[in-house]
Amino acid sequence: MKFAIIGAGRIGQVHARSVSENPDAELTLIYDPDLGAAKLLADKHYAKACDNEDDVFSSDIDAVIVCSPTPLHPDHVRKAVAANKAVLCEKPVAGSIEEAQALCDELKDNPNPVMLGFNRRFDPSFAKVHRMVDEGKIGKLEQLAIISRDPAAPPKEYIRVSGGIFADMTIHDFDMARFFLGEIESVYTIGQNLDPELADTGDFDGAYVLLKNKEGVVASIVNSRHCATGYDQRLEAFGPDGSLVADNKRPTTVQVNTREISAAQDPYLDFFLERYTQAFGNELAAFMKWVETGKVCGPTVEDGVKALILAKAAEESARKGTVITL
């Protein structure tokens, strides 16, 4: 399957690696308005580079991976669909709910797969917890706890244009909550402004979110823009018959015990590039299966819309201090 990637930035580099490592995929073309950046990434993976996006849609490829800035996502998805290409688009699907819903409505009769890049559904540990919940291993799910903390905040310039912590960072956790709980009925959020370095961004640097579905099952999400111990990614599912825990990953499983310390381990993996390498690979494989079989194998644009609705509701709740009912 021949792929083109739109955007040679950090997330484009992640997807380029996933495509190159998949024996059934071929990275053919990389587009970026910065031709130098496109060439640098293309040369690394033996692909061609271009700085004219029309070259992507007119090329002889099967699928496009959209890694452009969020405001450009809808336009790039539309152009790829019009060119009869399958699409894997990074989150969020759009900058606003209105844009996202308009795109979703336009794609209802589109026969080609358009998948949203919620890669954490494909993390082996999270996927196993989800499978075991579905199998009833802990009885009916009652509570889901998600912890997601970045090792350090992104640049202020990025934060100011990112859409805010909920649309940029927590949106992965909103999708994970929906993955387990289904449709969410209410959202309550406490936003935090505790990092003086980020005070002038107008955004929150931490948050606690409580979600509830119509059956009374709850999910809690804890976020922070900084974590001294590394990329903190944990999940617990709890039910009447037990609990399922997915813990952080470390470079090794070595444990140090001396007179001074006990049970000491390596720090958590440094960032999502390392933590979710396998998830990105599994996500690509699921997307390719969807393309080949026509059977939906991953999150859709509609999932992207619903995650964005939760992100906007969480921000409204944090700023108003009230429960938002959906």
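In the lining of the largest cavity, β7 (143-149), α8 and β11 (232-239) each supply at least two residues; helices (H or I, at least four residues) and strands (E, at least two) are DSSP runs numbered from the N terminus. The model is predicted, with local features requiring pLDDT of at least 70 and side-chain atom pairs counted only at pLDDT 80 or more, while totals for chains, interfaces and linings use all residues. Residues are numbered from 1 along each chain as its sequence is written, and side-chain values use heavy atoms, with hydrogens and water left out.

A search of the whole structure finds one cavity of 30 Å³ or more. On a 1 Å grid over the protein atoms alone, a cavity is a set of points where a 1.4 Å probe fits but cannot get out, whereas a pocket is an open set with protein on both sides within 12 Å along at least five of seven lines; lining residues have an atom within 4 Å of a point. Points are joined across faces, edges and corners, and a volume is the space filled by probe spheres set on them. The largest cavity holds about 40 Å³ of space. Its lining consists of Arg120, Phe126, Ile146, Ile147, Ser148, Asp173, Met176, Gln233, Arg234, Leu235 and Tyr276. By class, six of these residues are nonpolar, two polar and three charged, where Ala, Val, Leu, Ile, Met, Phe, Trp, Tyr, Cys and Pro count as nonpolar, Asp, Glu, Lys and Arg as charged, and the others, Gly among them, as polar.

The largest pocket contains about 1,000 Å³ of space. It is lined by 42 residues, of which Arg10, Ile11, Lys91, Tyr158 and Asp168 are the closest to its centre. At least two lining residues come from each of α1 (10-21), α4 (73-82), α7 (156-161) and α8 (165-181), and α8 gives the most, with three. The lining comprises 22 nonpolar, 11 polar and nine charged residues.

Helix α8 is largely enclosed by the rest of the structure, because 16 of its 17 residues are buried (under 20% relative accessible area with a 1.4 Å probe, protein chains only). A bend of about 60° occurs in α8 at Ile171, taken as the angle between axes fitted to the seven residues ending there and the seven starting there. Gly182, with a positive phi near 75°, follows α8.

The second largest pocket has about 260 Å³ of space. Among its 14 lining residues, Leu107, Asn110, Val114, Thr300 and Val301 are the closest to its centre. This lining divides into eight nonpolar, four polar and two charged residues.

Key
Buried < 20%, exposed > 50% of the residue type's maximum accessible area, 1.4 Å probe, protein only.
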